[in-house]
Amino acid sequence: MKSRSESLIRLKKFQVDEKRRQVAQIEMMIADFERMASELDQQIEIEHTKTGISDVAHFAYSTFAKAALTRRDNLLNSANDMKSKLEAAQDALAEALEDLKKVELLDQREHQREAAEQLKVEQAEYDEIGRLRFSQR
């Protein structure tokens, strides 16, 4: 019984660790997307300053700035998509943590039951020793 509960606890801990890694990976991706979008914003501002045209509808608007705007928007959309995935991953992590807690509590209760049984056996042995000593008098 012990090896099965210990195996189950190890499995649940592995699942929790895996969910944590997924959450961390998604958070890093979001941060990277937002950082790259911010860098593109800076490049777009530099291009606006250099050309003197910041109106996207203007016929002479920079091709580079248009491409950078499109790429920035795509990155921000990707970051927003990843945020919904992050919420799902965080929910899965919370669920895995809850499962781990349940298994650990069950294991703890089982150990307490075993300890109580062991104490009963020991007490019965002591009672028998005491009864034998008392009857010998």
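User: How far apart are the mean positions of the positive and negative charges of the protein?
Analyst: They are 5 Å apart, taking the 23 positive and 27 negative charges of the protein. Keep in mind throughout that this is a predicted model.

User: Thanks! What secondary structure does the protein have?
Analyst: The protein has two helices and zero strands. Helix 1 covers 2–51 and helix 2 covers 63–136.

User: And what does the C-alpha trace span along its principal axes?
Analyst: About 115 × 20 × 15 Å. The radius of gyration tells a related story: the protein has 32 Å, while a compact globule of 137 residues would have one near 14 Å.

User: What share of the residues is buried?
Analyst: Buried residues come to 22% of the 137 in the protein. As for the surface, the protein exposes about 10400 Å², and carbon and sulfur atoms supply 53% of that area.

User: Which residues touch the most other members of the largest nonpolar core?
Analyst: Those are Ile 26 and Tyr 61, in a core of 23 residues. Helix 1 and helix 2 each supply at least two residues of this core. Helix 2 gives the most, with 12 residues.

User: Let's stay with Ile 26. What does it touch, leaving out residues up to four places away in sequence?
Analyst: Ile 26 touches Met 82, Lys 85, Leu 86 and Ala 89.

User: Ala 89, noted. How far is Ala 24 from Ala 89 in space?
Analyst: Their C-alpha atoms are 9.6 Å apart, although 65 residues separate Ala 24 and Ala 89 in sequence. Ala 24 lies in helix 1.

User: Why does Ala 24 count as partly exposed?
Analyst: Because its relative accessibility is 34%, and partly exposed runs between the 20% limit for buried and the 50% limit for exposed.

User: What about contacts in general: how much comes from residues 24 or more positions apart?
Analyst: Such pairs account for 76% of the contacts in the protein with a separation of 6 or more.

User: New topic, the loop. Where is Ser 62, and is it buried or exposed?
Analyst: Ser 62 lies in the loop between helix 1 and helix 2. Ser 62 counts as buried because its relative accessibility is 9%, and buried means under 20%.

User: What does Ser 62 touch, again skipping residues up to four places away in sequence?
Analyst: Ser 62 touches Glu 47 and Thr 51.

User: And where is His 58?
Analyst: His 58 is also placed in the loop between helix 1 and helix 2. With a relative accessible area of 30%, His 58 is partly exposed.

User: Now helix 2. Where does Gly 130 sit relative to Leu 76?
Analyst: Gly 130 and Leu 76 are 79 Å apart in space, C-alpha to C-alpha, and 54 residues apart in sequence. Gly 130 is found in helix 2, and its relative accessible area of 35% makes it partly exposed.

Note on methods: Residues numbered from 1 in each chain as written. Predicted model: local features only at pLDDT ≥ 70, side-chain atom pairs only at ≥ 80, totals over all residues. Heavy atoms only, no water. Helix = DSSP H or I, 4+ residues; strand = E, 2+ residues; numbered from the N terminus. Rg over C-alpha atoms; globule rule 2.2 N^0.38 Å. Buried < 20%, exposed > 50% of the residue type's maximum accessible area, 1.4 Å probe, protein only. Contact = heavy atoms within 4.5 Å. Areas by Shrake-Rupley, 256 points an atom, 1.4 Å probe, with all protein chains shown as cover. Lys, Arg positive; Asp, Glu negative; His and termini not counted. Charge placed at Lys NZ, Arg CZ, Asp CG, Glu CD. Core = buried A, V, L, I, M, F, W, Y, C linked by side-chain atoms within 4.5 Å.
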